[in-house]
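Dear colleague,

I am handing over the structure that we spoke about, and my notes follow directly below it. Please read them with the model open beside you.

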Amino acid sequence: MTETYYKAIKEAVESEGIITDDKVLTGFSGHRMVRLLQNVAKARLDENTCYVEVGVFQGLTLLSVAKELDNAQVYGIDNFAFFDREGKNLSIVNERTQKLNLSNVNLINQDYEDALENLSQHIGAKKVGVYFVDGPHDYRSQLMCLELIKPFLADHAIIIIDDCNYRHVRQANRDFLFNNKEFKLMFQSYTRCHPLNLNAEERKEAEKDFWNGVNVIVKDSDNKLKEAYPPTHRDRTLYENEHIIQTSKHPDAIVHLLPLSNAFGGLLKSLSKKKAATAGAFNMMNTYSDELPKNNFNE
Ligand SMILES: C[S@@+](CC[C@H](N)C(=O)[O-])C[C@H]1O[C@@H](n2cnc3c(N)ncnc32)[C@H](O)[C@@H]1O
């Protein structure tokens, strides 16, 4: 399976992206990301295995995979609580499923933790062959998305994680890999910052590519790959700060004060004891990915 996965990833990297340019499907994922998901799903899945994703939004990745499969089911988990001001995303996914005439799509309209803790209620005896993580991006959710899927994974399952430019996402992946040595990092690719902070030309290229960074992890059942980890920062200040926020009087409100840190940046920076953890170049969506590799294979 390892060689098949390398081939599927390489084909996606060298391709123009999404297999069929379908006007029905739009969303937040990069074109080569969609192609990668389609390629590995076609290579790995059969009637005993399925595709599961956390983070459906309006169905670009879920339905793009579903329409490439003959005999495998896809399951999409989303509580439709984000990027959905008008509450329309669930019906958009259902309408698109009908328009594309797909009968292998299953939506799980729940918080990811509730859904994954009880996944067998949805997928039955099937095992998860392909798992796509593109939901909440906080450190704990990223780690729990990986931990909770373990009991349901098939041998040689493949896990694709979106938005790995973010350093806390890479940290969650590293923590998972370090503590679960049967899983190996197979592929990683990044851009120098979040695409919304890139210039227009670079952003267009990111749209065609993996958008905001990707990690591919495999359940290396035959122990073929060497240990490898996404790059992370050793500094722990932000994780230590989380304890202070958790125990403060108004923990939910602190996020509303963050715009002030942009307005009073210089002053606040002088209060910081550990500058390495707080040196963001942009007002929002700092990823700390400026020196990370593009299209790096663990071979
Ligand atoms: C970036 S979007 C996913 C993009 C999608 N894969 C596509 O193809 O366009 C992230 C999704 O994760 C969902 N999400 C965020 N937190 C969640 C949670 N705790 N449980 C379930 N879904 C969640 C949001 O509702 C949102 O639709």
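The centres of domain 1 and domain 2, taken over C-alpha atoms, lie 31 Å apart. Domain 1 takes in 2-232 + 289-297, while domain 2 covers 237-273, with bounds that come from an automatic or database domain assignment. Please bear in mind that this is a predicted model, in which local features need pLDDT of at least 70 and side-chain atom pairs count only at pLDDT 80 or more, whereas totals for chains, interfaces and linings use all residues. Residues are numbered from 1 along each chain as its sequence is written.

The sheet is open and has eight strands in the order 3-2-1-4-5-7-6-8, with mixed pairing; two strands count as paired if DSSP finds at least two bridges between them, and the elements themselves are DSSP runs numbered from the N terminus (helices are H or I with at least four residues, strands E with at least two). Strand 3 (105-108) and strand 8 (296-297) stand at the edges with a single partner strand each, so one side of each has no neighbour in the sheet.

Strand 1 (residues 49-54) runs parallel to strand 4 (residues 127-133), to which six bridges join it, and it also runs parallel to strand 2 (residues 74-77), here through four bridges. Six of the six residues of strand 1 are buried, a residue being buried if 20 or more other C-beta atoms lie within 10 Å of its own, exposed if 12 or fewer, and partly exposed in between, with C-beta atoms placed from the backbone. Both faces of strand 1 are covered, with Thr49, Tyr51 and Glu53 on one side and Cys50, Val52 and Val54 on the other.

Helix 1 (residues 2-14) has 13 residues and reaches 18 Å from its first C-alpha to its last, close to the 18 Å expected at 1.5 Å a residue, where the expected span is 1.5 Å times one less than the number of residues. Its buried residues are Tyr5, Ala8, Ile9 and Ala12. Seen down the axis of helix 1, these fall within an arc of 95° (that of the directions from the helix axis to the C-beta atoms), so they line one face of the helix. The face turned away from that buried side carries the exposed residues Glu3, Lys7 and Glu14. In helix 2 (residues 31-44), by contrast, twelve of the 14 residues are buried, so this helix is largely enclosed by the rest of the structure.

Leu238 belongs to helix 10 (residues 237-246) and counts as partly exposed because it has 15 C-beta neighbours inside 10 Å. Its C-alpha atom is separated by 9.4 Å from that of His168, 70 residues apart along the chain.

Finally, there is the ligand. Of the 20 residues around it, Gly27, Gly55, Leu60, Thr61 and Pro136 come nearest, a residue being near a molecule or strand if its C-beta atom, placed from the backbone, lies within 6 Å of it. The shell divides into eleven nonpolar, six polar and three charged residues, where Ala, Val, Leu, Ile, Met, Phe, Trp, Tyr, Cys and Pro count as nonpolar, Asp, Glu, Lys and Arg as charged, and the others, Gly among them, as polar.

With best regards
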